[in-house]
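Please keep the model in view while reading.

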Amino acid sequence: MNRLLIGIGNRFRSDDGVGPVIAERLEALALPATRVCIASGEGAALMDLWREAEAVYLFDAVSSGKAAGTVHRLDAASQTIPQEFFHYSTHAFSLAEAVELARALDELPPRLIIYGIEGGSFRAGRELSPPVAAAVDEVVERVSAELGATAPDAG
Amino acid sequence: MTSKTIKVDYIARVEGEGALYIKLDKNRVEELQLRIFEPPRFFEAFLEGRDFREAPDITARICGICPVAYLMSACHAMEWITGDHPDGAIRELRRLLYCGEWIESHVLHIYMLHAPDFLGYPDAITLAKDHPELVKRALRLKKIGNQLMTVLGGREIHPINIKVGGFYKAPTRARLEALVPDLEWALEAAKETVRVVAGLPFPDFEQDYDFMALHHPDEYPFNEGRLVSSAGLDLGIEDYDNTLIEEHVAHSTSLHSNTPGGSPVHLGPLARYALNRDRLHPGARQAADAVGLGEVVSNPFKSIIVRAVEVVYAVEEALRIIRAYNPPAEPALAVTPRAGTGYGATEAPRGICYHRYTINAEGIIENAKIVAPTSVNQSMIESDLREYVQPRMDLPEDQLRYECEQAIRNYDPCISCSCHFLDLTVERT
């Protein structure tokens, strides 16, 4: 099983950096058969990144109005991705569009899980707000359990 | 018919927040407004008091889709003041960076934002279900634009490797040569794009435009050139402020620009093509000829074909630059500030992006003016819509609304870019 973890966001924008922070924490665990990378969130680049992967986990900050630190887990195989979740531009082509376009083209990876972490502050700065920092621990725990449960077999 | 009102509350598939309001009364268009309500962003005011070297990176944040236009116009304006003129490999790398932006931006617009209009789909995702080959080609082409941006700019969005005087780091020959096979594929894909979009159904709608673009003696314009127009203007870019006059209208947070006589001008692919067709590389010119594109295209819906021709040009230009590339001895010229005013005008995918700065002897910015092409095109879009709607007033409302949106997208408007007032007046009673 060839697995890919992608952290999306800008680490100079407080809670927007939560995706890359989670990706780096998971990278430090050196999970078997797992690659980790950081991406800007540009849709065409994402579709290209996940082209060869069998299981993809994406981590990104979201702003849907819930309390900061709320963790959303979306399974792209079973649900469409609400555009307003990951919208950072009305013109650029971003995560939600990339997932839906990949679905239309029949290019979705066999497994695509998206963790969206509700941000509180998107101001300039490198610190995560306390509820978001706490959510990092939760996501790292859940994902390592999830990945540990999927045996990295020879397939 | 009696009077009716047509509203589009949020124009889809354009950058930023805009709306359209049309009031029809009996047999005429009584009122028509492209309403831009994106909040003003005050970039010119942010720049005051900052070091002149900061202008490229700050202004690049005006736009995620055309940051190169801002980086380049700001660099050229500052170099106007310092008297430095990077040439040789640095100049070529700047053109190569622009190729990346044109490919990325034009391909996104052609396939994802504009083609669905002509083919009757609400968006690129539904288009992809029926025409996967079109969307796959678009993604691969766009990726090549992204790669150029990444190699030269450090990343695909908001490049970080550009500075006044040149680059922080110049790419190696090997790094650029690695892009050649993809660019060779892109050249054929871009020509195929011209053929495909030329076959789309176009409404019969010719306009007598006053086109304005940069014009360079040897090149299709990216970074440099004189300000020329189909009305016969031929001026240095330092005359821009006397050529297009900005004015505030109540229904837009983006300033309008018109000639001193009050008429609109048309910026962007149609204008560049009409004024610079003979500067295209042979492949782009042949692609245009093969689909019967005349020397001047005055149907704005056909801007999609001209964009495709410009993608062919950008790929050819990228290949030319890479094949001849030798890294510069230094990636940038050393620049020293001095007091003065400088001008920069470069060709963003949507048309001329104009910057003017005044800095003091210490290099601190005292005054800035930035005009995005979409601001200038606003009046032209309104003019097109008035002409387009008048003979089509009896169309069913949904159809008319749909066609109006398509007419707006002819300009690939970047509304977020266009909203940055310097002055904000708050009246309280």
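In chain B, three strands make up an open sheet with antiparallel pairing, in the order β11-β12-β13. Strands are DSSP runs of E with at least two residues, helices are runs of H or I with at least four residues, and both are numbered from the N terminus; two strands pair if DSSP finds at least two bridges between them. The model is predicted: local features need pLDDT of at least 70 and side-chain atom pairs count only at pLDDT 80 or more, while totals for chains, interfaces and linings use all residues. Residues are numbered from 1 along each chain as its sequence is written, and chains are lettered from A and ligands numbered from 1 in the order in which they are written.

The edges of this sheet are formed by β11 (340-348) and β13 (365-371) of chain B, each of which pairs on one side only. From one strand to the next, the twist averages 15 degrees; angles run from 0 to 180 degrees between N-to-C directions, and axes are lines fitted to C-alpha atoms, for helices over the stretch in contact. Nine bridges join β11(B) to strand β12 (residues 351-359) of chain B in the antiparallel sense. Within this pairing, B:Ala345 has B:Tyr354 in β12(B) as its bridge partner. Helix α3 (residues 67-82) of chain B packs on the sheet, where it touches β11 and β12 of chain B, and its direction makes about 150 degrees with that of β11(B). Contact between two residues requires that their C-beta atoms, placed from the backbone, lie within 7 Å.

Chain A also contains an open sheet, in which five strands follow the order β2-β1-β3-β5-β4 with mixed pairing. Its edge strands, β2 (34-39) and β4 (71-75) of chain A, each pair on one side only. Neighbouring strands are turned against each other by 20 degrees on average, direction ignored. Five bridges connect β4(A) with strand β5 (residues 111-118) of chain A in the antiparallel sense, and A:Val71 stands opposite A:Ile117 in β5(A). Helix α1 (residues 18-28) of chain A lies across β1 (3-8), β2, β3 (55-62) and β5 of chain A, running at about 145 degrees to β1(A).

The loop between β5 (166-167) and α7 (173-177) of chain B holds B:Lys169. Is B:Lys169 buried or exposed? B:Lys169 counts as exposed because it has 12 C-beta neighbours inside 10 Å; the cut-offs are 12 or fewer for exposed and 20 or more for buried, with partly exposed in between, and C-beta atoms are placed from the backbone. Apart from neighbours within four places in sequence, B:Lys169 is in contact with B:Asn161 and B:Pro331.
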